[in-house]
Amino acid sequence: MAVYSHGQPTPSLRDAKLGRPMVIEIIEKNFEYLKREKTSNIYGTLLLGTTAALSGVTANFIFRYCFKVKYDALKTYASLTTLPFLSSVVTYKLFVTDALYSDNISKENCVLRSSLVGVACGVLYPSALAFSKNGRLAVKYHTVPLPPKGRVLLHWLLLSQTEMKAMAVPLLFQISYGVFNGLRQYAIYERALEKAVPED
């Protein structure tokens, strides 16, 4: 049985005194790392929202041109910039970032979700919104012939089908950027996991 003299710290107390500064230093380094990674995630999400806003501006320009609308330009451009941006940021956070950090999705799923958010919020939603807003203005100000009864949607689609092909460019861009951002987000997540697990 080991005997310790008076005033000499036991091995456990000595280890605790030596280990405490090291633990604090590791925690501080992890906090700094996570802060940098969080900033990087925010920039990626904001950039996705910005591309969606630019798609909204493009869609608004296309449908205003094809419906010959010259009224309420500021109002339509403001909504077609703001709404796609906000919807992309919120949707991406909910369906990609939060799902990834709760450890519910794989790398492939992360990339797929990121691409789908880009297509849905960066192309389909802005296009539908621009079509709706400018179609109403066209009816209100009689800038294009009114559709016959029973064929309203078909009339508007035929009227704008040529110009709608220009939205293929934002579509390809959103898919490409969605794949890139998904891969990047997953790589950040993996690095965060490696930092969180202490080395032996």
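1. Helices here are DSSP runs of H or I, at least four residues long, and strands are runs of E, at least two long; both are numbered from the N terminus. By that count, this predicted model has 5 helices and 0 strands. From the N terminus on, the order is α-α-α-α-α.

2. Start with the whole chain. The protein has 200 residues, and 35% of them are buried. Take the contacts between residues at least 6 apart in sequence: 80% of these join residues at least 24 apart.

3. Next, the largest nonpolar core. This core has 16 residues. F63, F67, A138 and W156 touch the most other members. Helices α1 (11–66) and α3 (107–141) each supply at least two of its residues. The biggest contribution comes from α3, with 6 residues. In soluble globular proteins, nonpolar side chains tend to be buried together.

4. Which residues does A138 touch, leaving out those up to four places away in sequence? They are F67, V69, T143, V144 and W156. Two of these, F67 and W156, were named above among the residues that touch the most other core members.

5. Now helix α2, residues 73–101. How far apart should its ends be? The helix has 29 residues, and at 1.5 Å a residue they should span 42 Å. The end C-alpha atoms are 41 Å apart, so the two figures agree. There is still a bend of about 40° in α2, at K93.

6. A helix has 3.6 residues a turn, so residues three or four places apart point the same way. After α2 comes D103, with a positive phi near 65°.

7. Helix α3 can be checked in the same manner. Its 35 residues should span 51 Å at 1.5 Å a residue, and the end C-alpha atoms are 50 Å apart, so this helix agrees too. The bend in α3 is about 30°, at Y125. A proline, P126, follows within four residues. Just after α3, H142 has a positive phi of about 55°.

8. Helix α4 covers residues 152–164. From first C-alpha to last, its 13 residues reach 17 Å, close to the 18 Å expected at 1.5 Å a residue. A kink of about 35° is centred on L158. Buried in α4 are H155, W156 and S160.

9. How do α3 and α4 meet? Their axes come within 12 Å and cross at roughly 100°. Angles of 65 to 115 degrees count as roughly perpendicular, so α3 is roughly perpendicular to α4. On the α3 side, the residues in contact are F131, G135, A138 and V139. On the α4 side they are L153, W156 and S160. Of these, W156 and S160 are buried.

10. Look at the loop between α1 and α2. K68 is in this loop. K68 has a positive phi of about 55° although it is not a glycine. Is K68 buried or exposed? Its relative accessible area is 53%, and the cut-off for exposed is over 50%, so K68 is exposed.

11. D72 belongs to the loop between α1 and α2 as well. Its phi is positive, near 50°, and D72 is not a glycine. The relative accessible area of D72 is 33%. That value falls between the 20% and 50% limits, so D72 is partly exposed.

12. Last, L46 in helix α1. L46 has 36% relative accessibility, so it counts as partly exposed. Which residues does L46 contact, leaving aside neighbours within four places in sequence? F85 and V89. L46 and L86 are 40 residues apart along the chain, and their C-alpha atoms are separated by 9.3 Å.

Technical notes. Residues are numbered from 1 along each chain as its sequence is written. This is a predicted model: local features need pLDDT of at least 70, side-chain atom pairs count only at pLDDT 80 or more; totals for chains, interfaces and linings use all residues. Side-chain values use heavy atoms; hydrogens and water are left out. A nonpolar core is a set of buried Ala, Val, Leu, Ile, Met, Phe, Trp, Tyr and Cys residues joined through side-chain atoms within 4.5 Å. Buried means under 20% relative accessible area, exposed over 50%, partly exposed in between (1.4 Å probe, protein chains only). Contact means heavy atoms within 4.5 Å. The expected span of a helix is 1.5 Å times one less than its number of residues. The bend at a residue is the angle between axes fitted to the seven residues ending there and the seven starting there. Axes are lines fitted to C-alpha atoms, for helices over the stretch in contact, and angles run from 0 to 180 degrees between N-to-C directions. Angles under 35 degrees count as roughly parallel, over 145 as roughly antiparallel, 65 to 115 as roughly perpendicular and the rest as oblique.
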